[in-house]
Amino acid sequence: MTTATRWQDVAEKGSLLGIRIIVALATVLGRRTVRAVLHVVAAWYVAFHPAVRRASRDYLVRLRGRASLGDVHRHVLCFARVTADRIFLAQGAFAEFAVTTEGEGFLRALRDERRGALILLAHLGSFEVLRAVGGAHDVPVSVLGYFRNARMVNAVLRELNPAIDARLIEIRPDDPTFIFDVERRISEGELIGTMGDRVGADGKSVRVPFLGASASFPTGPYLLAAALGCPVYLAFGLFHDPNRYALYCEPFAERVVLPRAGRTEALAAYAARFAARVEHHCRLAPYNWFNFYDFWSAE
């Protein structure tokens with residue numbers, strides 16, 4: 001078994017029944033019990049999914065220069081806990097967490113000025129924290145993305161909180177009309193989050209430096225921002241054991257400009273800046289990076 005070279009090829013792990021069992025444990029017995037159970041779940045994934053082990057070790061070695069089997073388990077466990085925390089965040093159980101924010105004022109300013117913006121996210125920590133904090137402060141954030149690889153999790157979250165569905169905009173490669181929905185929401189002053197660290201089905205990407213080597217980052221977010229003429233911000237919700245989330249928001253570009261001459265170079269410059277900020281936050285919370293596939297592959 002080889003490590004998947006595309007994230008689209010990584011099948012959603014587990015079963016709908018397994019997810020429902022975790023939800024039941026969370027609802028009846030609480031977060032502490034779920035956290036204990038996830039030790040076993042993470043150990044099972046590490047033991048029986050060699051591709052996950054290889055992807056985790058590759059990332060950790062690039063970041064820290066070393067990676068033991070215990071480090072890999074801790075990495076997978078962090079992912080499992082952040083995923084399980086989505087259950088509590090979807091239910092509005094914010095008292096379970098200590099959330100700190102840095103740069104939240106940027107989002108409130110956009111709300112007050114009724115300016116729509118694109119928010120670049122990454123598979124780093126929890127984007128659910130951004131939505132939870134935004135919703136609690138009347139700064140709602142919708143998320144644009146591919147959800148095929150997380151259909152079971154998202155289906156259960158919708159059952160817990162049907163309002164989540166209204167804040168998801170699915171990218172459909174065979175039906176580009178979703179762009180009109182994004183354009184409408186931005187023009188009405190909404191904030192739209194989208195992932196900037198995985199190449200989409202269209203394959204549009206550039207190779208830029210990341211953790212000591214070159215890796216493919218998508219150009220779609222910058223093409224979209226340039227077409228919409230809206231500002232771009234970054235947001236990362238980092239998890240720190242046992243219950244703390246640190247949400248960082250920062251401005252990225254007042255407007256994305258892609259000149260006809262040098263368009264490719266401009267796209268690469270934006271992607272490189274984004275990759276540098278992701279790397280910075282990876283170093284703040286090393287086990288929060290959740291791309292379990294061959295991220296540095298040139299394919």
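Trainee: Hi! Which residues lie nearest the centre of the second largest pocket?

Mentor: Glu128, Arg131, Ala132, Asn161 and Ile164 do, out of 15 residues that line the second largest pocket. Keep in mind that this is a predicted model.

Trainee: Got it. Which elements give two or more residues to that lining?

Mentor: Those are helix 4, residues 69-90, and helix 6, residues 127-136.

Trainee: And which helix gives the most?

Mentor: Helix 6 does, with 5 residues in the lining of the second largest pocket.

Trainee: How does the lining split by class?

Mentor: You'll find 9 nonpolar residues there, along with 3 polar and 3 charged ones.

Trainee: How much space lies in the second largest pocket?

Mentor: About 270 Å³.

Trainee: Let's switch to helix packing. At what angle do helix 2 and helix 4 pack?

Mentor: Helix 2, residues 31-48, packs with helix 4 at about 135 degrees, and their axes are 8 Å apart. The two helices are therefore oblique to each other.

Trainee: Is the crossing of helix 2 and helix 4 left-handed or right-handed?

Mentor: Helix 2 and helix 4 make a right-handed crossing.

Trainee: Nice. Which residues meet there?

Mentor: From helix 2, they include Val34, Leu38, His39, Ala42 and Tyr45. Helix 4 brings, among others, Val72, His73, Val76, Leu77, Ala80 and Phe88.

Trainee: How do the residues of that contact divide by class?

Mentor: The contact of helix 2 with helix 4 has 13 nonpolar residues, 2 polar and 4 charged. Arg31 and Arg35 in helix 2 are part of this contact, as are Arg81 and Asp85 in helix 4.

Notes: Residues numbered from 1 in each chain as written. Predicted model: local features only at pLDDT ≥ 70, side-chain atom pairs only at ≥ 80, totals over all residues. Heavy atoms only, no water. 1 Å grid on protein atoms, 1.4 Å probe; cavity = no way out; pocket = protein on both sides within 12 Å on 5 of 7 lines; lining within 4 Å. Points joined across faces, edges and corners; volume = space filled by probe spheres on them. Helix = DSSP H or I, 4+ residues; strand = E, 2+ residues; numbered from the N terminus. Nonpolar A, V, L, I, M, F, W, Y, C, P; charged D, E, K, R; others polar. Axes fitted to C-alpha atoms, helices over the stretch in contact; angles between N-to-C directions. Parallel < 35°, antiparallel > 145°, perpendicular 65-115°, else oblique. Left-handed = near helix turned anticlockwise from the far one by under 90°. Contact = heavy atoms within 4.5 Å.
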